[in-house]
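Me: Hi! I have a structure open and could use a hand reading it. Can we go through it together?

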Amino acid sequence: MRKRSSESDATKSVPTHERSEEELVDLTSRVYKLVVERGKDGVLQSEIWKELGLTSRDGSRLAIRLEKRGMIKRVKVLDDGRWTYKLTPLRLPANISSMESAPCIVCPVESKCSVNSDVNPFTCPWIGPWVLKEHRTAIQMVATPAV
Amino acid sequence: MKIEYEDTFVKVAGLIGGPDYVRVARALLNNENATDEEIASATGLKIKTVRKALYELFGRSLITGVRVRDPKRGWFVYRWKAQRDQTDGFIQTQKKKVLTRLMQRLEYEDAHEFYHCGTATCATKTFESAMESFFKCPTCAKPLNRVDNSELKNALKWKIKQLEEDINK
């Protein structure tokens, strides 16, 4: 019987259980990124751990972590005579770039803000600087594109 | 802290309270029905910070808490759980709220002329209120000069367009 090389790989990288939480978070988001980029077609779990330079055990643990969180679906498939899992995204990451650092989300008087109140969007001291800063940053990014 | 490819719940927590909230949100996803003490030990954050984050997330209906009796100590503790089905709705609601406010502000900026004395701590006056004070700042008594708000109007239009596109995606 052919031995599964994936399971018997000498662990070049640090095993998952010895990694710090920060490293795990980073790896988890990298795995999720790869799954999301492939979209509905999905990606094989074996491709992921190879691409990220991980062991199959680590790749599997990270995929299970994402599956437990309900972010991806893992389906067992036979690929080239070997059992692996196909990972497909269940949830796509929400786009919050337009809302980043929006003052209304953290405003202490947000509940009182209305056009008929003393706290209103017309005299709000935070809206103006926020949109100006975002607009200037966007203009700068257009003027100096990344090399 | 990169949160581009993170669960929406973690992203929302980051929007509300920054990196500490992100850590609390991640701990909640890793360990469902955790107590504040368990989250504090998992994240290494102070219990005070964890509680503040939990109450704030609870106040926005992003997490739920169940009161249970601690079997060892006998007192009541809360076990917290992320309400991940609420996060997309939360983001959409916030986007719409901000969009409405930006549109109201743009309308106001379009309809008025503004005057300012140049002192950073003094408020900007509309033409009507500047005329009432004879174009002298009521706070510092400096003369009030016309403020060009075209850059702000352009920025508001740009942000409104960005948010509208985002909402209609």
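**Looking around the two chains**

Reply: Happy to! Let's start with Arg69(A), which sits in the loop between helix H4 (56-68) and strand E2 (72-79) of chain A. Helices (H or I, at least four residues) and strands (E, at least two) are DSSP runs, numbered from the N terminus.

Me: Is this an experimental structure or a predicted one? And how does the numbering work?

Reply: This is a predicted model, where local features need pLDDT of at least 70, side-chain atom pairs count only at pLDDT 80 or more, and totals for chains, interfaces and linings use all residues. Residues are numbered from 1 along each chain as its sequence is written, chains are lettered from A and ligands numbered from 1 in the order in which they are written, and side-chain values use heavy atoms, with hydrogens and water left out.

Me: Back to Arg69(A): buried or exposed?

Reply: Arg69(A) is buried, as its relative accessible area is 6%. Buried means under 20% relative accessible area, exposed over 50%, and partly exposed in between (1.4 Å probe, protein chains only).

Me: Which residues does Arg69(A) touch?

Reply: Setting aside residues up to four places away in sequence, Arg69(A) touches Glu6(B), Asp7(B), Arg26(B), Leu29(B), Asn30(B) and Arg84(B). A contact here means heavy atoms within 4.5 Å.

Me: How far apart are Gly39(A) and Ser114(A)?

Reply: They are 75 residues apart in sequence, and their C-alpha atoms are 41 Å apart in space.

Me: Let's zoom out. What is chain A built from?

Reply: Chain A has 6 helices and 3 strands, in the order α-α-β-α-α-β-β-α-α along the sequence. Of its 147 residues, 42% are buried.

Me: And chain B, how many helices and strands?

Reply: Chain B has 7 helices and 5 strands. From the N terminus on, they run α-α-α-α-β-β-α-β-β-α-β-α. The radius of gyration of chain B is 23 Å, well over the 15 Å that the globule rule gives for 169 residues, so chain B is more spread out than a compact globule. That radius is taken over C-alpha atoms, and the globule rule is 2.2 Å times the number of residues to the power 0.38.

Me: What size of box do the C-alpha atoms of chain B fill?

Reply: Roughly 75 × 40 × 25 Å, taken along the principal axes. In chain B, 43% of the 169 residues count as buried.

Me: Last thing: what confidence does the predictor give?

Reply: Chain B averages a pLDDT of 91, and 98% of its residues score at least 70. pLDDT is the predictor's confidence in each residue, from 0 to 100. For the complex, the predictor gives an ipTM of 0.83 and a pTM of 0.77.
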